[in-house]
Amino acid sequence: MKINNNALAVCVVSLFANGSAHANMAEMMAPQSKAPIAVMGAHMHKKGKWMVSYRFMHKEMSGMLQGSDSISPEEIATQVANPFANPFANPPMSPPTVRVVPDEMTTQMHMVGLMYAPTNNLTLMAMLNYLDKSMDLITFAAGMGDTRLGEFSTASSGLTDSSVGGMYRLYDSDNHKLHANLNWLIPIGSIDEEDDVLTPMNMRMTMRLPYGMQIGTGSNQLQYGLTYNGKAPRMSWGAQGLYNSVLDDNDEGYRNGDMFRVTAWYAYRVLDKVSTSIRVSYHHQENIDGMDTMIMAPVTTANPNNYGFERIDIGLGANTVLGHGHRFALEWEIPLDTDVNGVQMEMDYMVTLGYQHMF
């Protein structure tokens, strides 16, 4: 039987091409190929690919810190030196010390994302976020003592600042990839939320909530940075550095502080469709510049100097992939070291659950 050399060549090339395509698909669907779910903008996509995603983030905070040391509500309420003094004590009938101290806080965020790659070197992305906050506080009786008058809760929720932007490929080899991140954070969240509070005079009244309980920042922000990804059989690793630059004051006359975040992770495939990860991150945020003249209550969270921090976190994650481009993942994160400006609440933990579908 005579063999057609041209036909044989076509078959060989086709086999190699199909093998390469299957290898690429297997690589994309390997569970360890993705960064931990709490890392945003960590991976790019091939030309023409789409991805939709949903993340749910739950954060718990409790207790108070002065710098990096724990401090009780009574200590905060009975000291007159900064940062414990009430900065709004000049108006008549305003107490000289802080009389309201946070006790616990829960933050939940829903994040819906969309990504599309018009070219192999550019991936566009957009994210719409919804935020839900609640805080329990302790009110001390008027004066300078440590008598607890009572407790109350405040809450706020709604669409919060969201983003549009993209990633541009800078380097791409078999085992190492590097891309640039650039996003515009759009200030769609409310900054004039109100709720009922218990005052030191034992009265209930409606007031504008402090900065930490507002839904948005009210300021345009530019986020930029770099992301690196590396891989080897059954494992991957990566690092990302992002800087959030606040571009303008909001309509109430203040701006949140700039933020810098850097994180690094390692993932290992423990089963065919399951990987685990460990991640360490560093956060640094400046305090609030300016003030909202409608936020002048004798509570720690009303003082702009009680914002901004440095924190090192560690996160443990799990990731699984299913057929047809579906991914489910979670990460549990706790602080290793925290140093806050003034007095602030301490983070207990944060959990991120996520789903992604690529097509």
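**A nonpolar surface patch and paired aromatic rings**

Strand β12 (residues 259-271) gives the most to the nonpolar patch, with four residues; strands (E, at least two residues) are DSSP runs, numbered from the N terminus. The model is predicted, so local features need pLDDT of at least 70 and side-chain atom pairs count only at pLDDT 80 or more, while totals for chains, interfaces and linings use all residues. Residues are numbered from 1 along each chain as its sequence is written, and side-chain values use heavy atoms, with hydrogens and water left out.

The patch consists of Y266, Y268, V270, L271, I278, L316 and W332, which together have about 630 Å² of accessible area (Shrake-Rupley method, 1.4 Å probe). Members of such a patch have over 30% relative accessible area and no salt bridge, and nonpolar side chains are joined within 5 Å; a salt bridge is a side-chain nitrogen of Lys or Arg within 4 Å of a carboxyl oxygen of Asp or Glu. L316 is located in strand β15 (residues 309-322).

Aromatic rings form five pairs (centres within 6.5 Å; planes under 30 degrees apart are stacked, over 60 edge-to-face, the rest tilted). W50 and Y116 make a tilted pair, 4.3 Å centre to centre with 35 degrees between the planes. Because W50 lies in strand β1 (residues 50-66) and Y116 in strand β3 (residues 100-119), this pair ties together parts 66 residues apart in sequence.

Y211 and Y254 form an edge-to-face pair, at 4.8 Å and 75 degrees. Y254 is buried, with a relative accessible area of 1% (buried means under 20%), and Y211 is buried at 7%. Y211, Y254 and Y307 form one aromatic cluster.

Technical notes. Patch = residues over 30% accessible without salt bridge, like charges linked within 9 Å, V, L, I, M, F, W, Y side chains within 5 Å. Phe/Tyr/Trp six-rings, centres within 6.5 Å; stacked < 30°, edge-to-face > 60°. Buried < 20%, exposed > 50% of the residue type's maximum accessible area, 1.4 Å probe, protein only.
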